[in-house]
Amino acid sequence: MDDTGTVVAFWILTIVTLGSALSVVIVRNLLHAVLSLILSFVGVAGLYITLSADFVAVAQVLIYAGAISVLILFAMMLTPRTARDNAETFLQGPALMLAGLTAATIAGVAAATDWSEATRGPFATTAEAIGEALLNRYVLPFEIASVVLLVAMVGAIVLVRED
Amino acid sequence: MLFLAHWWDLRDLGNPVAQFLEVLNDHGPGWLPYVASALIGCVAIVLFLVPSQMVIVWAERRLIGRIQARRGPNRTGPWGIFQTIADTVKLLAKEAITTRHVDRWVFWLAPILIFIPGILVFAVVPFGEGMVLADLNVGVLFLAAVGSVNVIIVFMAGWSSNNKYALLGAMREVSMLISYEIPQVLTLLGVVIFTNTMSLSGVVHWQDHYNTWLIFLQPLALVIYFISASVEINRSPTDIAEAESEIVAGYHTEYSGIKFGFFYAGEYFAGFAIAAVMTALYLGGWTFWGLEEWVPGWMIFLGKLYLLFWLFIWARGTLPRLRADQLMAFSWKFLLPLTLVNIFVGGLEVLLWQENDLSAGVVLPVFAVVNVALAVGLSVAWARFLGHARPDLRPRRALLVKELGAIVYGQEF
């Protein structure tokens, strides 16, 4: 993190990410909120690149900016509501709580991580290392996640089947 | 030459650039080579894209005219070669209308952003051995990621236009992308299984090393990738997001003048990007079984790229547009199962090869024959199973219009 390029990139990406995240909550137009959310996802991907986690960065763009946000757009388009504004909802309290918990978790992890490369050595962030970890050490969560997805898919099909 | 040891080093344009960057590195501040290489790469990519687009648009219109038994543009200059320039001037001169009640910011942003995915793809494409701007080691995944962003921009255009047809086009685009992204990404996985690398130049080097192009090992994947890519970039016969006979012009109905021109050019950029990706992944990139020793690699690469783009033009000129529901069903019922089988077969073959330490010279030809046979057999069998190909209902040869008793040019046959 010492060279100027990384520092400049970090601050630009931080401003983009936080600014667009803020505008997700503030703007009244729902489409603008979703687009800001996408920009925020891309900013996070940029932050991953400054941490030299290129696989995670690309996966972030592919899954969050490419797939999740498309799903949100799809839901937005097919929701039968006349006024599609980013209005206040009764979920404000729970959302604030969830956001607070997430922030606390991330802060805790960040505090517990040894950031000095001299003592810790570089992170294993390549596709190979992640694949090994998913299929060896973390195979159970991985399989559980896939079963959950399968259940969701079957459920969706059962819900909309006509006969 | 200024930066080269031998004049023939010029055949790979990456050599002079590398030499130039070395000179900068020796004599300038530390950040200068990075900025310079980024600038050179971007300028080179745009210098390739814009003239190619100008020429290919003209060539496409002439060729489609040929295919559809008409003349195509033939008035501006010899064979109409200045038609694209005339059209560009016309688009620039036209009024760029912004209708009332549009979402102004998003409406203006979409035609500008539409270029980004197409150009970004070229950052990882190896034009020659040293001619790659950023040789990412997650290049294949990067392609999938960048390709999936395209849909958001199209959606922005369609939604912000405040027009029913534009919204329909946007909705079709989104549902199409959800359907076709899965087979597209899964076919790329087949390539990665064989080459064991996700870097695009790594894939080309693998094909160079084993003297085989992945088109032979992954023929089914290439066809599926071609189809899903043409869906992604909205080219006829899969251009239901802008089907002019159904929903005016789809997502860009409200765009006029150069804003429409941006969408038009962006579509070509994305098309070149897809052709470049297929060239690198399946057609051996800049290799040509020894010819690359004599001809500059980037010329071979561009030759293959334009050949693939000709396939897009051919498909556009020949095939009728699919219906929206047909297109979705085709992806989920036909392409997805075949892609999964393709991955399974590819993985099995690589396991056989690696575990038994077989010699590549023997195994790869066998795999090629097996895979080509499997590709043909599987597609036919699966289509039969789904009830698509009913040979008894199909004419044995193409029937001419006059044989069917139609009227041609007011003249009865």
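Colleague: In what order do the elements of chain A run from the N terminus on?

Modeller: This is a predicted model. In it, the elements of chain A run α-α-α-α-α-α-α. That gives seven helices and zero strands.

Colleague: And how many helices and strands in chain B?

Modeller: Chain B has 14 helices and two strands.

Colleague: Which domains is chain A divided into?

Modeller: Domain 1 covers 1-86 and domain 2 covers 126-163. Their C-alpha centres lie 24 Å apart.

Colleague: On to the interface. How many residues of chain A are in contact with chain B?

Modeller: 20 residues of chain A, in contact with 23 residues of chain B. On the chain A side, the elements that give two or more residues are H1 (4-26), H2 (30-50) and H3 (54-78).

Colleague: Which of those gives the largest share?

Modeller: H3(A), with 14 residues.

Colleague: How does the chain A side split by class?

Modeller: 15 nonpolar, four polar and one charged.

Colleague: Back to H3(A). At what angle do the axes of H3(A) and H6(B) cross?

Modeller: Roughly 30°, and the axes come within 8 Å. H6(B) spans residues 139-160.

Colleague: Parallel or antiparallel, then?

Modeller: Roughly parallel, because the crossing angle of H3(A) with H6(B) falls under the 35 degrees cut-off.

Colleague: Left-handed or right-handed crossing?

Modeller: H3(A) passes H6(B) in a left-handed crossing.

Colleague: Which residues make that contact?

Modeller: From H3(A): Val58(A), Ala59(A), Val61(A), Leu62(A), Ala65(A), Gly66(A), Ala67(A), Ser69(A), Val70(A) and Leu73(A). From H6(B): Leu141(B), Phe142(B), Ala144(B), Ala145(B), Ser148(B), Val149(B), Val151(B), Ile152(B) and Phe155(B). By class, the H3(A) contact with H6(B) has 16 nonpolar, three polar and no charged residues.

Colleague: I'm also looking at Leu78(A). Where does Leu78(A) lie?

Modeller: In helix H3 of chain A.

Colleague: Buried or exposed?

Modeller: Leu78(A) is exposed, with 10 other C-beta atoms within 10 Å. The C-alpha atoms of Leu78(A) and Leu37(A) are separated by 19 Å, and the two residues are 41 apart along the chain.

Colleague: Switching to packing inside chain B. How do the axes of H2(B) and H11(B) cross?

Modeller: At roughly 105°, coming within 10 Å. H2(B) is residues 32-67 and H11(B) is residues 257-282. The two helices are therefore roughly perpendicular to each other.

Colleague: Which residues of H2(B) and H11(B) make the contact?

Modeller: H2(B) brings Leu49(B), Ser52(B), Gln53(B), Ile56(B) and Val57(B). H11(B) brings Ala265(B), Tyr268(B), Phe269(B) and Phe272(B). These residues divide into seven nonpolar, two polar and no charged.

Colleague: Now backbone torsions. What is phi of Ala69(B)?

Modeller: Near 55°, a positive value in a residue other than glycine. Most residues other than glycine have a negative phi. Ala69(B) lies in the loop between H2 and H3 (83-93) of chain B.

Colleague: And phi of Trp79(B)?

Modeller: About 55°, positive although Trp79(B) is not a glycine. Trp79(B) is in the loop between H2 and H3 of chain B.

Colleague: How many C-beta neighbours does Ala69(B) have inside 10 Å?

Modeller: Ala69(B) has 6, so it counts as exposed. Trp79(B) has 14 other C-beta atoms within 10 Å and is partly exposed.

Colleague: Last one. Is Ala375(B) buried or exposed?

Modeller: Ala375(B) is buried, with 21 other C-beta atoms within 10 Å. The cut-off for buried is 20 or more. Ala375(B) lies in H14(B), residues 360-386.

Colleague: Which residues does Ala375(B) touch, leaving out those up to four places away in sequence?

Modeller: Pro219(B) and Leu220(B). As for Leu338(B), it is 37 residues from Ala375(B) in sequence and 8.8 Å away in space, C-alpha to C-alpha.

Terms used. Residues are numbered from 1 along each chain as its sequence is written. Chains are lettered from A and ligands numbered from 1 in the order in which they are written. This is a predicted model: local features need pLDDT of at least 70, side-chain atom pairs count only at pLDDT 80 or more; totals for chains, interfaces and linings use all residues. Two residues are in contact if their C-beta atoms, placed from the backbone, lie within 7 Å. Helices (H or I, at least four residues) and strands (E, at least two) are DSSP runs, numbered from the N terminus. Ala, Val, Leu, Ile, Met, Phe, Trp, Tyr, Cys and Pro count as nonpolar, Asp, Glu, Lys and Arg as charged, and the others, Gly among them, as polar. Axes are lines fitted to C-alpha atoms, for helices over the stretch in contact, and angles run from 0 to 180 degrees between N-to-C directions. Angles under 35 degrees count as roughly parallel, over 145 as roughly antiparallel, 65 to 115 as roughly perpendicular and the rest as oblique. A crossing is left-handed if the near helix is turned anticlockwise from the far one by less than a right angle, and right-handed if clockwise. Domain bounds come from an automatic or database domain assignment. A residue is buried if 20 or more other C-beta atoms lie within 10 Å of its own, exposed if 12 or fewer, and partly exposed in between; C-beta atoms are placed from the backbone.
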